[in-house]
4 protein chains.
Amino acid sequence: MFTYRRRVQFAETDLAGIVHFSVMFLYMEEAEHAMWRSAGLSIADPKSDLAWPRLSASMEFRSPLRFEEEFEVRLQISALKTRTIEYACTIVRDETIIARGSMSAACARKLAGGVMKAAELPAELLERLKNVSR
Amino acid sequence: MFTYRRRVQFAETDLAGIVHFSVMFLYMEEAEHAMWRSAGLSIADPKSDLAWPRLSASMEFRSPLRFEEEFEVRLQISALKTRTIEYACTIVRDETIIARGSMSAACARKLAGGVMKAAELPAELLERLKNVSR
Amino acid sequence: MFTYRRRVQFAETDLAGIVHFSVMFLYMEEAEHAMWRSAGLSIADPKSDLAWPRLSASMEFRSPLRFEEEFEVRLQISALKTRTIEYACTIVRDETIIARGSMSAACARKLAGGVMKAAELPAELLERLKNVSR
Amino acid sequence: MFTYRRRVQFAETDLAGIVHFSVMFLYMEEAEHAMWRSAGLSIADPKSDLAWPRLSASMEFRSPLRFEEEFEVRLQISALKTRTIEYACTIVRDETIIARGSMSAACARKLAGGVMKAAELPAELLERLKNVSR
């Protein structure tokens, strides 16, 4: 399991005084990218022709999160398939569960004209992601 | 079914050249609030002590959406319960399905100190939402 | 002068109950892009190798803007130079001035590897922008 | 001078492949709030009836910032007046200047019904801010 720590920023709150639910998806994604970096990878490597479009994302919200609170995103790879990656996460403030979420992404090759084509995860990337999520 | 029309704004895109997936949840929520307005309601009425914290949100992404494209959010109330509302939506550009999503919200009463307590949907609000989603 | 109409969305507010100041810059930019569309132009035309990086942006905030309020961005081109465009805008709700802002953008040509090089505004674009801001 | 360190997140970029200019204002504000925390203060203290609405914000953009780049916001209080605070900042990546900005905020007392009234900076707060910006 990979742990990403963060503090709530002012502009992430809404008029209800709590973090807007859409921002929780940003937190999950930030954790994903930090996990990749810890594996020596980048989700948007300028030297690579791979992209990782999202297939799905979902979250259950248990408890609100407020300005300046510190929290953790606990992220793990729940499935590593030939062409897709699935993640599961829990967002936690101290011992309080804020949200539980999941997300899946496809491996895609960028072609000319902005078109993307499904591709297989390269072997080295697969190996690195297996190691980081162990 | 309620239909909300919108155009993609520049800042909603990311370096992959498409709308960031978290923004799709904003589109779903904007449609919800427009549906409420069409029923003569506001999700954040300054004169009301009710709030509508989200319980869950999920989305499947089928096709990318790009800058300046026009799209529709087709939103319906899939369940109207004593204390919760459930929505289902499809985001569509012309005949192309961009995403399918769902979201649920609880009815809560705002108490002193920012605390919220689960509450029942008021009868008049229930009636208005039933009419708009028919 | 070009007028762009909009309604405040929920996620654009912060815990102070008003639109976050950074969002006012998004409103100014949305108006710019709507002005370009009204001139038959796109600020991010996939068929063009031009980009419009911002050189500066500034705003004075006079009055708060709240959820679901409708407002106007009144935008004009204050200077149209060989290599840059300058805008001035007023954001207004009914007769109340919300903010006054300005922004400038450079004309740049996209080269290989994500590099950008200052360029002159094409004659046809100059003509169209002159007409829309008259 | 106060230094705040950060890394660019994916959703902060736009289709031009660089950080959207509006996000630079978020970076400046995050640095402000971190400076307040380092002085033992919160810009949105739940126990205080003070708020800090922005009066103005401006920025000049010198160089683009890209995904995963690390940068610093160097923030200082340029003027500490009876009723307002003025900040100046430089956003820097290694030795490259990304942007120079300024921002001012008013001290306001929150009254009933969401109304705000200009107020004087409390003496203790003034003292703490003087110390942190020295």
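**Ground rules.** I'm working with a predicted model, so I noted that local features need pLDDT of at least 70, side-chain atom pairs count only at pLDDT 80 or more, and totals for chains, interfaces and linings use all residues. Residues are numbered from 1 along each chain as its sequence is written, while chains are lettered from A and ligands numbered from 1 in the order in which they are written.

**The axis.** I superposed chain A on chain B: a rotation of 180° does it, with 0.0 Å of shift along the axis and an RMSD of 0.0 Å. Contact here puts the C-beta atoms of two residues, placed from the backbone, within 7 Å.

**Chain A overall.** I counted two helices and eight strands. Along the sequence I read β-α-β-β-β-β-β-β-β-α. The C-alpha trace spans about 45 × 35 × 25 Å along its principal axes. Of the 134 residues, 37% count as buried, meaning 20 or more other C-beta atoms lie within 10 Å of a residue's own, with C-beta atoms placed from the backbone. Among contacts between residues at least 6 apart in sequence, 66% join residues at least 24 apart.

**Chain D against chain A.** I found twelve residues of chain D in contact with twelve residues of chain A.

**Strands in chain B.** I followed β4(B), residues 70-80, into β5(B), residues 84-93: they run antiparallel and eight bridges join them. Strands pair if DSSP finds at least two bridges between them. This hairpin has three residues between its strands, and B:L80 stands opposite B:I85 in β5(B). Next I checked β5(B) with β6(B), residues 96-106, an antiparallel pair over ten bridges. Here B:Y87 has B:M103 in β6(B) as its bridge partner. Two residues lie between the strands of this hairpin, where B:D94 takes a positive phi near 50°.

Notes: Helices (H or I, at least four residues) and strands (E, at least two) are DSSP runs, numbered from the N terminus. A residue is buried if 20 or more other C-beta atoms lie within 10 Å of its own, exposed if 12 or fewer, and partly exposed in between; C-beta atoms are placed from the backbone. Copies are superposed by least squares on the C-alpha atoms of residues with pLDDT of at least 70 in both.
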